[in-house]
Amino acid sequence: MAKLDITNVPRELDEFIATSGNPRHRQIAEVVRRHYLLELTGRGDELFAEDMMAENPLYYMNINGLSITLRGTEEVSAFYESQHGVMLAATDVTQVVNDYGYWTECQFNWYLTGAALADQGVEVSSPDATYIKKSWISMYWPFDDRARMLGEHIYEHLDIAEIIPIPAEDFITLEHAQKVLTPLLRPLPMYTP
């Protein structure tokens, strides 16, 4: 197994942006694209920019066997802080943008150490071992009339999740993501509803 491609989501959104004739849809795709890049490069504090996210985001998350509701910038920001440096690559991605927001279904491939999995109650051979946790995820991100995220609805289908050991050289780190994804960042275009 080689390192998975972490540029596929923004690349596919770029293709959508280039071909969409709808300014609102393009702006939603630009916000999603920037969100993805900021999150994976460890720049979570920038997710709350006035042109990206509404003032009181609401997150509904069913993930890792937990059902969590996050209300407001403080709770959502604390969540992103807790996820700092946790890498993922999305495969088998379907993305849809319409007037209401963004939908995706995909395989999340979480890059986790044995220590991180042990913290989740998973028995591992070594805290230093490296793994991919494959999870089937469905997400909906609603947007407001200014094409800003109102939050996220995230649902994981745990029945088919699996944890696979991988060689250390295939493990994606924050440093690798920053090197590969930072050059893809760009400012959001101006948008007038």
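1. A residue is called buried when its relative accessible area is under 20%, exposed when it is over 50%, and partly exposed in between (1.4 Å probe, protein chains only). The model is predicted, and local features need pLDDT of at least 70, side-chain atom pairs pLDDT 80 or more, while totals for chains, interfaces and linings use all residues. Residues are numbered from 1 along each chain as its sequence is written, and side-chain values use heavy atoms, leaving out hydrogens and water.

2. Helices (H or I, at least four residues) and strands (E, at least two) are DSSP runs, numbered from the N terminus, and two strands pair if DSSP finds at least two bridges between them. Here six strands make an open sheet with mixed pairing, and reading across gives β2-β1-β6-β5-β4-β3. The edges are β2 (66–71) and β3 (87–98); each has a single partner strand, so one side of each lacks a neighbour in the sheet. On average, neighbouring strands are turned by 15 degrees against each other, direction ignored; axes are lines fitted to C-alpha atoms (for helices over the stretch in contact), with angles from 0 to 180 degrees between N-to-C directions.

3. Which strand does β1 pair with in the parallel sense? Its partner is β6 (residues 149–166), and six bridges join the two. To find this pairing on screen, look for Tyr60, whose bridge partner in β6 is His153.

4. β5 and β6 run antiparallel and share 10 bridges, with Ile132 partnered by Ile164 of β6. These two strands form a hairpin with six residues between them, and in the turn Ala147 has a positive phi of about 60 degrees.

5. β4 is worth a careful look. Towards β5 (residues 130–142) it pairs in the antiparallel sense over 13 bridges, and Asn109 stands opposite Lys134 in β5. Towards β3 it is antiparallel as well, over 10 bridges, including the one that pairs Met87 with Tyr111 of β4. β3 and β4 also form a hairpin, with two residues between them. How many residues of β4 are buried? The count is 10 of its 13, and the strand is described as mostly covered.

6. The axes of α1 and α2 come within 9 Å and cross at roughly 165 degrees. That makes the two helices roughly antiparallel; angles under 35 degrees count as roughly parallel, over 145 as roughly antiparallel, 65 to 115 as roughly perpendicular and the rest as oblique.

7. The crossing of α1 and α2 is left-handed, a label used when the near helix is turned anticlockwise from the far one by less than a right angle (right-handed if clockwise). Residues of α1 in this contact include Val9, Leu13, Asp14, Phe16 and Ile17, while α2 brings, among them, Ala29, Glu30, Arg33, Tyr36 and Leu37.

8. The charged pairs complete the picture. A salt bridge is a side-chain nitrogen of Lys or Arg within 4 Å of a carboxyl oxygen of Asp or Glu, and the whole structure has 10 of them. One of these joins Arg33 to Asp14 at 2.8 Å, N to O. The pair links Arg33 in helix α2 (residues 23–40) to Asp14 in helix α1 (residues 8–19), 19 residues apart. Is Arg33 buried or exposed? Arg33 is buried, at 4% relative accessibility, while Asp14 is partly exposed at 25%. Both also belong to a salt-bridge network with Glu30 and Arg186.

9. Two further salt bridges deserve a visit. Glu46 meets Arg34, with the closest N and O atoms 3.6 Å apart. Glu46 sits in the loop between α2 and β1 (53–63) and Arg34 in helix α2, so their bridge ties together parts 12 residues apart in sequence. Glu46 is partly exposed at 26% relative accessibility, and Arg34 is buried at 16%. The other salt bridge joins Arg11 and Asp5 at 3.0 Å, N to O; both residues are partly exposed, Arg11 at 38% and Asp5 at 36%.

Definitions and conventions: Contact = heavy atoms within 4.5 Å.
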